[in-house]
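Hi,

Here is the structure I said I would pass on to you. Have a look first, then read my notes below.

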Amino acid sequence: MATMTMIQALNSALDVKLGDDPDTLIFGQDVGYFGGVFRVTDGLQKKHGMQRCFDAPISEGGIIATAIGMGAYGLRPVPEIQFADYILPAFDQLVSEAARLRYRSNGEFWAPITVRSPYGGGIFGGQTHSQSPEAIFAHITGLKTVIPSNPFDAKGLLIAAIEDDDPVIFLEPKRLYNGPFDGRHDQALKTWAGDPTAEVPEGHYTVPLGKAAIVRQGSEATILAYGTMVHVAKAGIADSGVDAELIDLRSIVPLDVDTIVASVTKTGRCVILHEASRFGGFGGELAALVQERCFWALKSPIERVAGWDTPYPHAFEWDYFPGPGRLAKALKRTMENH
Amino acid sequence: MTDNAVPLRLHIPQPVARPGDASRFDYLSFVPGAAVQRPEFDTPEPELREFPYGLIRVIGEDNAAWDPGLDPEMMRSGLRAMLQTRLFEDRMFRAHRQGKTSFFMKSTGEEAIGVAQSLALAPGDMCFPTYRVQGWLIARDYPLEDMINQIYSNEKDPLKGRQLPILYSARDYGFYSLSGNVGSRFGHAVGWAMASAYKGACHIALGYIGEGTTAEGDFHEALTFASVYRAPAILVITNNQWAISSFAGIAGAEQTTFAAKALAYGLPGLRVDGNDFLAVWAATKWAADRARANLGATVIEFVTYRVAGHSTSDDPTKYRPADEPSHWPLGDPIERLKVHLIDVGEWSEERHAQLESELTETLRAAQRAAEAIGTLGKSKPSVAEMFEGVFKELDWRAIEQRREIGI
Ligand SMILES: Cc1ncc(C[n+]2csc(CCOP(=O)(O)OP(=O)(O)O)c2C)c(N)n1
């Protein structure tokens, strides 16, 4: 088994699918000859040919509409949107078309597309290169939303997404592309080398959509996180001294409610961590679900730690980014309260 | 069902040269300047339909019809602003390499566009910029120190640390706020122009879009509205041949010119040498006269070349021949205007060298002043600013969240 970064693991997933399925193809801005601005599609055009991996016009609405049409024909397109911030020009196609095609045609047509997009902050990208739009997709029934937190999951989840017959939004935390990130921005960057999740099989395997991972067992509180925040959570747990159980949701739709409920029922406390703004964020849905299903087991109020309710501000990235310090504080509050 | 004689085939456009190939620009067809005599600005659109396929040039073309007849002082102002823009960008690019900012983009080779248009249009007009027209601000003497403060996101950043470097906003200088979403402001230019017409005012709007971005729906929507309501606007496509690593063919250049996109909307389309300061000026003036006479919008394609990488994150030698910039057939806008001024006896190599050292000194002083305040991470506006400006008034979320971080 080889050690891979998340970029390499994603590249490997695409390579495997281009290799074993002639109906899979990739297109998006700069993905062809150049291999994508984050190099995720590097070398794929050369290896699999112009027709399998090619550049698209700067037209996100066009990219998604075309992908839906291809999907309706029977292909499995994997379009890339260069930054998740730029999914919004394609929003109507995703919401009104991809998400509902199967339902409204009574199963005559469907859109087996996987929309890949780098997302999240922590790279000084400013307002329009840092956003986390997962909650607005989670609200749209008919779309699946997947967010890996490590190289092994990234490859397995991406292959599962491509093989899935429903439209999947596959959000890649770009802060994790080259190494884990625990939110300690003033310390040296870590690399994936040496991380057990960076041991990635070369060939085909899947990580099923809708199955959360218990990253750390614990007895005193449950932390729900995904993407970059899984790593922030590990650091925050260490800082807090609380014996917390950490759950990496991996996909928010489908959502692994059973794992969440079992954990919170066991620990009696729940802290939700995400990078997107708090108000109306996906944490709200998680809190409501936990409240509905675990109310009698709860020993303290559910806490949410999230980005502030402002656009992502360039100079204040680290004031905005929910780091381990804020999580540790929330964990301690959860313990002290009751 | 009929069987095709041949199986269908998917066409994927490819540029003529990749790294390792010889650089070529023979695919660009340039009809000589004489083919496009200057029409009256009020010529009806149906009589203007050859213009999208020609190339309006002035410098070195003996094309008296399009020569805007600028007085030498104005040409020298243009030269000065173009040169300052280039020096500024080189300096800020280095500042990025030294870790003083997170990001930067250059307009090398395209300086004539922002600068000539800035000088040709009136103070009350509004430009809806892209990230490659900072020459507009420099031509209007926007303080360099403020530009650098924004690039450094320091305590004196005029946009309070909220915006990415180079995405300026300078209302008093006719410079609308830049969004990171390319193309998203093109329609704002049309709306602003419509508002000016609605109010019976005299200001016109100038919208910029890159050739790659003409693929966005925003472009087509803006042209539709401009055409329907005869918006007093100039809609500029800066065709610099590359959109990051994608050549212009990915935006449709194999089929037609970008100026010709105007035809389907019933708008005049001019195709202009974007590296020719006088041609840029002349075309802008023509379109402005037309807009000011209530004859509506003009689409202008400036044919130019992106000499530098897309941004500090880009290495263009990965996708195009390394020597491609030196084969660009339309030359360097600064060099061309300089030579023109020398030819007409209004400039000299000595004066040019002196100007360059003067501008370098001004720039150095501005950079020194900005660095005294601080570079990225060394100085920033008060964190309280993070919560300001979401709404006109702070709502309870901002108040509570501010309190949570102790401010
Ligand atoms: C809506 C949107 N999609 C994608 C991007 C990423 N992006 C930034 S610049 C750029 C290329 C733009 O090319 P062009 O319009 O030709 O302008 P140029 O950079 O050549 O001046 C792309 C794809 C973006 N900023 N916004």
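The shell around the ligand is made up of seven nonpolar, nine polar and four charged residues. In that count, Ala, Val, Leu, Ile, Met, Phe, Trp, Tyr, Cys and Pro are nonpolar, Asp, Glu, Lys and Arg are charged, and the others, Gly among them, are polar. A residue belongs to the surroundings if one of its heavy atoms lies within 4 Å of the ligand.

Keep in mind that this is a predicted model: local features need pLDDT of at least 70, side-chain atom pairs count only at pLDDT 80 or more, and totals for chains, interfaces and linings use all residues. Residues are numbered from 1 along each chain as its sequence is written, chains are lettered from A and ligands numbered from 1 in the order in which they are written, and side-chain values use heavy atoms, with hydrogens and water left out.

So where does the ligand lie? Between chains A and B. Of the 20 residues around the ligand, those that come nearest include A:Glu60 and B:Arg132.

Both also make polar contacts (pairs of N or O atoms within 3.5 Å; within protein, one must be able to donate a hydrogen and the other to accept it, and residues adjacent in sequence count only if both atoms are side-chain atoms). The A:Glu60 side chain has an N or O atom 2.5 Å from a ligand nitrogen, and the B:Arg132 side chain has one 2.7 Å from a ligand oxygen. B:Val182 uses a backbone N or O atom instead, 3.1 Å from a ligand nitrogen. The protein buries 96% of the 590 Å² that the ligand exposes when taken alone (Shrake-Rupley method, 1.4 Å probe).

Cheers
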